[in-house]
Amino acid sequence: MGKAVRKTIITAAVTGAIHTPTMSPYLPVTPQELIEDILSVHEAGGAVAHLHVRDPQTGMPNADQDIYREVVSEVKRRCDIVLCTTTGGKLGEPVENRSRVVANLQPELASLNAGSLNFALFHVAKQHQQWKHSWEKDYLAGTEDFIFPNSFYTMRRFLEIMGENGTKPEFEIYDVGMINNLAHLIQAGHVKKPVYLQFVMGILGGIPATVDNLVYMVQTAQRQIGDFQWSVCAAGRFQFPMTTHALLMGGHARVGLEDNLYLEKGVLAKSSGEQVAKLIRIARELGVEPATPAEARGILGLKGLDKVNY
Ligand code: KMH
Ligand code: ZN
């Protein structure tokens, strides 16, 4: 009898709130572009799509509930991918707006940012001279003085709202101290194990994307939490090196245009699905198979697509 192959959850974050339309013509902005990009992820073998929405005219990230509903309903009609909605929103989105999508759509999975940080993108603004839209430069440059607020109160409220709606939190961990924040929330009874951690590496203001930092974070989580599933995503050129290491270490992995616009050096990715296909080629070389959406639901203990409100 052959040994069972290890299954890994491949997530793609399709648009995010970091990149702006000037940076790539392939960044999905309109509902139709978002739907197509999510379908490309599913077709390539991804099990989860992480979703933000944007103003279709300007490409500015927003929290428009009608756009969310339009995108998720059409995706659900066409495939069984797991959808993980953001509660990060755009930089500067008021906290109350960020949780609305959970109460409205009751998704299977939603991000929960596990601490506050100076989420810095101002250095990226310096790389461009001409902008497609007037908001882009100030949005990025303003982050030199921007704290992404995720206080213990905010995290507790998000957990309560997710609990009420049967939504599993995906904890976004930008630095090692945030594992400690999560350990506190578990100890205080605000969230039950097993938890799902997404290590977000290489954001200026958070932990650098290095292998020793990843090992340190996984080991710290093992010591402080013990029972968890984990995944890694990393900014820009660190995306494929870090996700490949995650595959080697027994973790799950996230790619997508939210984190990196490129497929390889100098080559823009035309879709998040292209990045998923590349990571799956790498995974198979390492003897790791991508989990189907149904398998991902089992691994993460999700409630199922029949229990969402869209
Ligand atoms: N909006 C960014 C500041 C998430 O989706 O929860 C962080 C973010 C995380 O995108
Ligand atoms: Zn996000």
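Reply: Start with the polar contact: a pair of N or O atoms within 3.5 Å, where within protein one must be able to donate a hydrogen and the other to accept it, and residues adjacent in sequence count only if both atoms are side-chain atoms. Here the side chain of Glu-258 makes such a contact with the side chain of His-52, at 3.3 Å. This is a predicted model, in which local features need pLDDT of at least 70, side-chain atom pairs count only at pLDDT 80 or more, and totals for chains, interfaces and linings use all residues. Side-chain values use heavy atoms, with hydrogens and water left out, residues are numbered from 1 along each chain as its sequence is written, and chains are lettered from A and ligands numbered from 1 in the order in which they are written.

Me: Is Glu-258 buried or exposed?

Reply: Buried means under 20% relative accessible area, exposed over 50%, and partly exposed in between (1.4 Å probe, protein chains only). Glu-258 has 8%, so Glu-258 counts as buried.

Me: Which side chains have an N or O atom 2.6 Å or 3.1 Å from an oxygen atom of ligand 1?

Reply: For Thr-86 the distance is 2.6 Å. A polar side-chain atom of Ser-111 also lies 2.6 Å from a ligand 1 oxygen, and for Glu-258 the value is 3.1 Å.

Me: How much of ligand 1 does the protein bury?

Reply: Accessible areas come from the Shrake-Rupley method with a 1.4 Å probe; for residues, only the protein chains shown count as cover. Taken alone, ligand 1 exposes 300 Å², and the protein buries 98% of that.
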